[in-house]
Amino acid sequence: MKKIMLIICLFTANYCFSQQLPDYENVKMEKKADYAEADKVALTAANFILSNPCAKNDINRLKSLQFVIKWMSGSPDFKFSIDESAVKLARGNDELLALYMTAMSKFALKNRDEAGDAKKMKLAAIRTLIAYCENETNNMKMSRELRKLSEANKNGSLESVL
């Protein structure tokens, strides 16, 4: 009887903690008010992307990424800039660049008062990207530039390197 209860509890806990993603296709983003409502969905999408391993064929990941990029492109409350150093950081790896953009979105949504500071946003996004890539279970290979930034982060000099 104890084993049965344990199994039931484990299955229930697993079900309760699984991530339910919104229906991205039904989230309107036409007016400013729409984007304010979409902020919550964008944060959910960013959290999903940054808390799951990279898998190119994962349809939920792809839909989440598409939503984040669409939200970033039209949000009237936030300004995102991808400078040359971000492109160099990704060095042709679209997934790294997408993760960087996702990390920027998450920072902006979680730190609205600091979202206007491009330097702080970039620093936070790079730190998030480094942490994601250093976790081997995420299946993401670091570029040479990102490895250098990771070393600078470990040495406490990341901010001065940027």
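**Reading helix packing, core and loops**

Reply: In this predicted model, the axes of α2 and α5 cross at roughly 135° and come within 9 Å.

Me: How is that angle to be read: are α2 and α5 oblique or roughly antiparallel to each other?

Reply: An angle must be over 145 degrees to count as roughly antiparallel. The angle here is roughly 135°, and α2 and α5 are therefore oblique to each other. In the crossing, which is left-handed, α2 passes α5.

Me: Which residues make the contact between α2 and α5?

Reply: From α2 come Asp-39, Ala-42, Leu-43, Ala-46, Asn-47, Ile-49 and Leu-50. From α5 come Leu-99, Thr-102, Ala-103, Lys-106, Leu-109 and Lys-110. Sorted by class, the contact of α2 with α5 holds 8 nonpolar, 2 polar and 3 charged residues.

Me: At what angle do α3 and α5 pack?

Reply: The angle between α3 and α5 is about 60°, and their axes lie 10 Å apart. Roughly perpendicular begins at 65 degrees, so α3 is oblique to α5. The crossing in which α3 passes α5 is left-handed. On the α3 side the contact is made by Arg-61, Leu-65, Val-68, Ile-69, Trp-71 and Met-72. On the α5 side it is made by Glu-95, Ala-98, Leu-99, Met-101, Thr-102, Ser-105 and Leu-109. The classes in the contact of α3 with α5 are 9 nonpolar, 2 polar and 2 charged.

Me: How many helices and strands does the whole chain have?

Reply: The protein chain has 8 helices and 0 strands. Of its 162 residues, 39% are buried. Among contacts between residues at least 6 apart in sequence, 60% join residues at least 24 apart.

Me: Which residues touch the most other members of the largest nonpolar core?

Reply: This core has 47 residues, and those touching the most other members are Phe-67, Trp-71, Phe-80, Tyr-100, Leu-129, Cys-133 and Leu-146. At least two core residues come from each of α2 (32-50), α3 (59-74), α4 (84-90), α5 (94-110), α6 (118-134) and α7 (144-154). The helix that gives the most to the core is α5, with 10 residues.

Me: What is Phe-67 in contact with, apart from its neighbours within four places in sequence?

Reply: With those neighbours left aside, Phe-67 is in contact with Tyr-24, Val-27, Met-29, Ala-38, Val-41, Ala-42 and Ala-45.

Me: Are Arg-91 and Asn-139 buried or exposed?

Reply: A residue counts as exposed when its relative accessible area is over 50%. Arg-91 is exposed because its value is 54%, and Asn-139 is exposed because its value is 52%.

Me: Where does Asp-117 lie, and how does its accessibility count?

Reply: Asp-117 lies in the loop between α5 and α6. Its relative accessibility is 32%, so Asp-117 counts as partly exposed. Asp-117 and Lys-79 are 38 residues apart in sequence, and their C-alpha atoms are 9.7 Å apart in space.

How values were computed: Residues are numbered from 1 along each chain as its sequence is written. This is a predicted model: local features need pLDDT of at least 70, side-chain atom pairs count only at pLDDT 80 or more; totals for chains, interfaces and linings use all residues. Side-chain values use heavy atoms; hydrogens and water are left out. A nonpolar core is a set of buried Ala, Val, Leu, Ile, Met, Phe, Trp, Tyr and Cys residues joined through side-chain atoms within 4.5 Å. Buried means under 20% relative accessible area, exposed over 50%, partly exposed in between (1.4 Å probe, protein chains only). Helices (H or I, at least four residues) and strands (E, at least two) are DSSP runs, numbered from the N terminus. Contact means heavy atoms within 4.5 Å. Axes are lines fitted to C-alpha atoms, for helices over the stretch in contact, and angles run from 0 to 180 degrees between N-to-C directions. Angles under 35 degrees count as roughly parallel, over 145 as roughly antiparallel, 65 to 115 as roughly perpendicular and the rest as oblique. A crossing is left-handed if the near helix is turned anticlockwise from the far one by less than a right angle, and right-handed if clockwise. Ala, Val, Leu, Ile, Met, Phe, Trp, Tyr, Cys and Pro count as nonpolar, Asp, Glu, Lys and Arg as charged, and the others, Gly among them, as polar.
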